[in-house]
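Hello,

Here is the structure I promised to pass on to you. Please have a look at it first, and then read my notes below.

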Amino acid sequence: MTSTASKTPRVLVLGSGTSTGVPLIGCRCEVCASRDPRDCRLRSSVYITCGGFAALIDVSPDFRQQALRHELPRVDAILLTHPHADHVFGLDDIRRYNTLQQASIPAYVRDFTFRGVSRMFSYIVAPTEAQKGMYRPQIEFHETGDATVDVGPFSMTSLEIPHGPARSTAFKLEHQGRAFVYAPDCSEMSDAFRAFIRGADCVMLDGLRDREHAGHLTIENSVAAMREAGVRRGFITHISHDIPHARLEQRLPPPVAAAYDGLSFEW
């Protein structure tokens, strides 16, 4: 079972893949047919623990599988980057943690995420009288905006960032003077975003592939941004089936590495 007891923040990568997951259905390319377990990428999400507290950033369609694989004992808070299916479609499985913990769970979102989740999961956000009696997730949504919010032992801030024609969120969690930034979906490094990650102890950033994409940074873009910002440790995530892990790891310059499912580290 994954431990939450350490007093030092620890990140567990539940998924490092793009919206399709890797392998893709019906694909037999080099990566999709790979026997390297690091090339098997569930949809992107991370689980962050410290002092018995556990925060989940994004709840992917693979969340049940991820929770069983890593024996996740609890979820004390949820942070949602944006309302795309690959980042929120596991929300219904949160109801099991309500049962285990006998409590509702807070979720921290920006306004556009709340609106999207409200449309997709009306029975969670604004249930009818009939739906209130259903076995459904008990989640308390909090719109954060630009405010700093205490989330368990962490001080959390967020930044709205471009994601092609849509928007996403970069989250920064700080603990005892150290900072971790998570931004799995981003298409442009604005000045505000560069300032947001500058000097962070660890940043996990979108790096879909080498070819340009309207909604995502390329690997080169991500590496350049993290190095220019003086990030002490960086990881590429939200990776497509274009990129074999072993070759990506070989070519990435310090301090940047490739995330993979099951990666666990302190920041």
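Let me start at glutamate 228, which counts as exposed, because its relative accessibility is 57% and the cut-off for that is over 50%. Please keep in mind throughout that this is a predicted model.

Glutamate 228 has a charged partner: it forms a salt bridge with arginine 194, with 3.0 Å between the closest N and O atoms. This pair links distant parts of the chain, since arginine 194 belongs to helix H6 (residues 191-197) and glutamate 228 to helix H7 (residues 219-228), 34 residues apart. Arginine 194 is partly exposed, at 25% relative accessibility.

By the rule used here, the count comes to 16 salt bridges. Another one joins the side chains of arginine 247 and glutamate 30, at 2.8 Å from N to O. Arginine 247 sits in helix H8 (residues 245-251) and glutamate 30 in the loop between strand E1 (10-15) and strand E2 (45-50), so this pair ties together parts that are 217 residues apart in sequence. Arginine 247 is partly exposed, with 46% relative accessibility. Aspartate 36 and arginine 38 also meet through their side chains, at 2.9 Å from N to O, and arginine 38 is partly exposed at 29%. Finally, a network of salt bridges links Arg178, Asp201 and Arg232.

Arginine 41 is in the loop between E1 and E2, and it is buried, with a relative accessible area of 1%. What does its side chain reach? One polar atom of the arginine 41 side chain lies 2.7 Å from the backbone oxygen of serine 240, and the side chain also reaches the backbone oxygen of isoleucine 243 at 2.7 Å.

On to the nonpolar interior. In soluble globular proteins, nonpolar side chains tend to be buried together. Here the largest nonpolar core has 27 residues, and those that touch the most other members are Phe193, Ile197, Val203, Leu205, Ile236 and Leu252. Two or more residues come from each of strand E8 (154-163), strand E10 (178-183), H6, strand E11 (202-206), H7 and strand E13 (256-258). H7 gives the most, with four residues. As for leucine 252, its contacts beyond four places in sequence are Ile219, Val223, Ile236, Ala257 and Ala258. There is also a second, separate core of 26 residues, with Phe53, Val151, Met156 and Trp267 among them.

One last stop: glycine 164, in the loop between E8 and E9. Is glycine 164 buried or partly exposed? With a relative accessible area of 28%, it is partly exposed. Apart from neighbours within four places in sequence, glycine 164 is in contact with Ser187, Ala214 and Gly215.

Best wishes, and enjoy exploring!

Terms used: Residues numbered from 1 in each chain as written. Predicted model: local features only at pLDDT ≥ 70, side-chain atom pairs only at ≥ 80, totals over all residues. Heavy atoms only, no water. Salt bridge = Lys/Arg side-chain N within 4 Å of Asp/Glu carboxyl O. Buried < 20%, exposed > 50% of the residue type's maximum accessible area, 1.4 Å probe, protein only. Core = buried A, V, L, I, M, F, W, Y, C linked by side-chain atoms within 4.5 Å. Contact = heavy atoms within 4.5 Å. Polar contact = N/O pair within 3.5 Å; in protein donor to acceptor, adjacent residues only side chain to side chain.
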